[in-house]
Amino acid sequence: MKPLYLASGSPRRRELLTQIGVPFSAISADIDETPLPEEPPSAYVERLARGKAEAGRRTLVSAQPFCVLGADTAVVLDGKILGKPVDEADACAMLMMLSGKEHEVLTAIAVLEGERCESRVVRSLVRFRRIGAAEAAAYWASGEPRDKAGGYGIQGLGAVFVAGLNGSYSAVVGLPVCETAELLGHFGIPCWQNLNAQ
């Protein structure tokens, strides 16, 4: 089986890929994540996922075929992308904006082999209960929101804010496992169902 490289520093993405039985090596892929003027959020996350896969490929030297998986997640409220908070005030402001409302989480994945690249964007809807200012500040103090899009992690302490979810839980965490397994299959990389047949 050809090697797979995950172009991401996210421990959550590594856990999800491991969960579905896909062997991989993690590599870094730093790119500029600034949105382009007038860029729709879905185009933004897809561009970043593809960009991370390409950046990851540039770090590798191999005569043998290999694949690179890139992914990006954005929290979107009323068409506006909420990035990672820069400080406590920013994080608390984000939580107050999300409080009592439904927002979108867009996660894009891209698989790259040679010149071939396929990508998908997965959309989920997350509904928050109301959050008080003191609770938002206490959440920031936990340390969890610092590197999270939208200033929260659904797989951690931030789960207490989530009143409802319509879509893919794993996509909200950072890697939609159903779509990822399907896309990897297009490149001849099986997940757990085919491991015993190899």
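**Cysteines and salt bridges**

Cys-92 counts as buried, because its relative accessibility is 16%; buried means under 20% relative accessible area, exposed over 50%, and partly exposed in between, with a 1.4 Å probe and protein chains only. Cys-178 is in no disulfide, and the nearest cysteine sulfur, on Cys-191, is 9.4 Å away. A disulfide here is a pair of cysteine sulfur atoms within 2.5 Å. Cys-178 counts as exposed, at 58% relative accessibility. The structure holds zero disulfides.

A word on the source. This is a predicted model, where local features need pLDDT of at least 70 and side-chain atom pairs count only at pLDDT 80 or more, while totals for chains, interfaces and linings use all residues. Residues are numbered from 1 along each chain as its sequence is written, and side-chain values use heavy atoms, with hydrogens and water left out.

Now the charged pairs. The count is eleven salt bridges, each a side-chain nitrogen of Lys or Arg within 4 Å of a carboxyl oxygen of Asp or Glu.

One of them joins Glu-113 and Lys-2, at 3.3 Å from N to O. Glu-113 lies in strand β5 (residues 102–113) and Lys-2 in the segment before β1 (4–7), so this pair ties together parts 111 residues apart in sequence. Strands are DSSP runs of E, at least two residues, numbered from the N terminus. Lys-2 is partly exposed, at 23%.

Arg-129 and Glu-135 also form a salt bridge, with their closest N and O atoms 2.7 Å apart. Arg-129 is partly exposed at 29%, and Glu-135 is partly exposed at 30%. Finally, salt bridges that share partners join Arg-12, Asp-147 and Lys-148 into one network.

Conventions: Helix = DSSP H or I, 4+ residues; strand = E, 2+ residues; numbered from the N terminus.
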